[in-house]
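Trainee: Can you go through this one with me? I'd like to jump around a bit.
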Amino acid sequence: MMVRGEAKMDPVRVRFAPSPTGRLHLGGGRTALYNYLLAAQTGGQFILRIEDTDRKRYVEGAEQEIYDSLRWLGLEWDEGPDKGGLYGPYRQSERKAIYLDYARKLVDLGHAYYCFCTPERLESVRREQQANKQSTRYDGACRHIGPEDALRRVESGERHVIRFRSPDEGQTTVTDLLRGNITVENETIDDFILIKSDGFALYHLAAAVVDHLMKITHVLRGAEWLPTFPLHGLIHRAFGWQEPVWVHLSVFLKPSGSGKLSKRDAAELIKDGHSIFLKDFHTLGYLPEAVTNWIALMGWSYDDHTEIFSMKDLVEKFSLIKLNPSPAAINFSKLDHFNGVHIRQLPQDDLVSRIGPFLTRAGYNPDIQTLEKVAPLIRERMVTLDDSVDMAGFFFQDAVTLEPSDLIGKDLDASQTAVIVKQVHELLQQTDDFSADGLEQLLREFVDQSAYNNKQVFGILRVAITGQRVSPPLFETMEIVGKDKALVRLLHAIALLEKIN
RNA sequence: GCCUCCAUCGUCUAGGGGACUAGGACGCAGCCCUUUCAAGGCUAAAACCGGAGUUCGAAUCUCCGUGGAGGCACCA
């Protein structure tokens, strides 16, 4: 089925190009996801490129975290640094040498020039502009140095950079798929540095050149690139290259809706069991299915009611035309909701295998047989996989530790409660049927002919058996705990109650 | 300060000039179910930023305000 306005697309070549300068976060994850979806949907290629031209900001381990995060989300790439491809290398630093040639070509074409200004001079120019409340930009001091003159200084070894020569007058119009034409006055486009004095290219040049060489057809990237978008269009045009289709994705705002997420916000979030870093979601007990579903819907929608999407659904239904250009505030309670839904949709054995590690990490020794029986009891109660620890940990303990005061039934005292537990203990000791149904019948009968009600009796038993006031359904729980353990726990409860007296 | 983008319930959003009494979801509140907690079901409250214009008709198109966001590096 095809959504209105959607045309069948030719296979795309798209790329996700993070820089290894920090941890991969939600916004990056969504950009990667949309790129992946477009490639998968059209039968094209999804390329991972590491944008590591800034060696000073390189963070050890960041590249690995990018791989891990993307793979956890299920976004496998077709070409990348670790798997190669026809258009490598896929690490920008490894293609350093080619950019200087391209920059020189731009110089020859008159679209770029050598600049010999020192960082100190630039800094003072900037300060002066700020003081005069002017916009800060390069003042063009080296623009008019003659080509021969410049070349001579370069060859003599004078420290220099190569700058883009943005047009002196007129306007530049670039086209974003979601926003239409964006027109800016050329005088507002700075003469950006293309090649640093160390010979390395800066992003603007490197990305344009490599996107062209890699035959990228669609660039889906964050909206923070919008301000330099006209420059990028200009660079492509200066080389005479065809531009890719440009799509700028809205930014993610902090949950309050004001401002984008900062390091400090990230630290606050982790206290509530949330994070903006992709890799944390796994540890926090979120399903990649849920995270994917959640971020997919921040900035994209399918129709007016469908909310739950598998990766397969997304691949099938994603469409650029339904992308939303406005910024979106992150909403963690919605993620919780999606996580619950996806947990409930998980096949039994899948759920079991995902819960296991969480219990193990918490210090339990979950055996698979018990886990298989426990899973159906807790699946519709869990928000995160980590919840399984609090909900089901008692299944994997020999004895439960409990607060004696929790044991006492509603409107009852300790001795009345003890009497009830003793009677139940006796009753259970005599029965051979420890199935949930059998227990339910037996215990309901007990309550009926006693002076107490369900709430009181079952409440007491719940605490005695599980050690908690809140637990999975009582009879099923008792069946799994088993007769031996259950009786021991009742005895233990009786002992505690008698101590209170 | 300069440049750019954005604007529907608290939040994510549907909406492509008449189908709008503005739909869905999360969250919130109430009710039902119920041995606890969930899940599930039902119900409620909740929005077109403002002003002009175009039009028979504007949430939808245009302009101006206002608000929010992003950017202004020999970072990406």
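Mentor: Start with a histidine pair: the side chains of His204 and His232 make a polar contact at 2.8 Å. Bear in mind that the model is predicted.

Trainee: Where is His204 found?

Mentor: His204 is in helix H6.

Trainee: What about Ser166, where is its place?

Mentor: Ser166 is in the loop between strand S4 (161–164) and strand S5 (171–176). Its relative accessibility is 2%, so Ser166 counts as buried too.

Trainee: Which strands does S4 pair with?

Mentor: Strand S3 (residues 112–115) is joined to S4 by four bridges and runs antiparallel to it. Strand S7 (residues 193–195) also pairs with S4 in the antiparallel sense, over two bridges.

Trainee: And who stands opposite whom?

Mentor: Tyr114 is opposite Ile162 of S4. Arg163 is opposite Ile193, which belongs to S7.

Trainee: Which strands run parallel, then?

Mentor: Strand S1 (residues 13–16) and strand S2 (residues 45–48) do, with four bridges joining them. Between them the chain passes through helix H1 (residues 26–42), and this β-α-β crossover is right-handed.

Trainee: What is the bridge partner of Arg15 in S2?

Mentor: Ile47.

Trainee: Which part of the RNA is within 4 Å of the protein, bases or sugar and phosphate?

Mentor: Of the RNA strand B atoms within 4 Å of the protein, 70% belong to sugar or phosphate, and the rest belong to bases.

Trainee: Which polar atoms lie by it?

Mentor: Ser19 has a polar side-chain atom 3.3 Å from a sugar or linking oxygen of RNA strand B. At Cys117, a backbone N or O atom lies 3.2 Å from a base nitrogen of RNA strand B.

Trainee: Which helices and strands supply that surface?

Mentor: Those that each supply at least two residues include helix H4 (119–131), helix H12 (332–345), helix H19 (454–466) and strand S6 (180–185). Helix H6 (203–213) is also among them, and His204 is in that helix.

Trainee: How many aromatic pairs are there?

Mentor: The structure holds 16. In one of these, Tyr102 and Phe239 have ring centres 5.7 Å apart and planes at 80°, so the pair is edge-to-face. Tyr102 lies in helix H3 (residues 96–109) and Phe239 in helix H7 (residues 229–239), so the pair ties together parts 137 residues apart in sequence. Both Tyr102 and Phe239 are buried.

Trainee: What about Trp294 and Phe332?

Mentor: Their ring centres are 5.5 Å apart and the planes are at 45°, so that pair is tilted. Trp294 is in helix H10 (residues 288–296) and Phe332 in helix H12, 38 residues apart. Both are buried.

Trainee: Which rings are linked into a cluster?

Mentor: Ring pairs link Tyr34, Trp300, Tyr302, Phe309 and Phe318.

Trainee: Last topic, the backbone. Where is there a cis peptide bond?

Mentor: Between Gly88 and Pro89, with omega about -5°. Pro89 is in the loop between helix H2 (62–73) and H3.

Trainee: Which residues other than glycine have a positive phi?

Mentor: Lys215 is one of them, with phi near 60°, and Asp411 has phi near 65°. Lys215 is in the loop between H6 and strand S8 (218–222). Asp411 is in the loop between helix H16 (404–407) and helix H17 (414–430).

Trainee: Is Asp411 buried or exposed?

Mentor: Asp411 is exposed, with a relative accessible area of 69%.

Technical notes. Residues are numbered from 1 along each chain as its sequence is written. Chains are lettered from A and ligands numbered from 1 in the order in which they are written. Side-chain values use heavy atoms; hydrogens and water are left out. A residue is near a molecule or strand if one of its heavy atoms lies within 4 Å of it. A polar contact is a pair of N or O atoms within 3.5 Å; within protein, one must be able to donate a hydrogen and the other to accept it, and residues adjacent in sequence count only if both atoms are side-chain atoms. Two strands pair if DSSP finds at least two bridges between them. A crossover is right-handed if, with the strands pointing away from the viewer, the path from the first strand over the helix to the second runs clockwise. Rings of Phe, Tyr and Trp (its six-membered ring) pair if their centres lie within 6.5 Å; planes under 30 degrees apart count as stacked, over 60 as edge-to-face and the rest as tilted. Buried means under 20% relative accessible area, exposed over 50%, partly exposed in between (1.4 Å probe, protein chains only).
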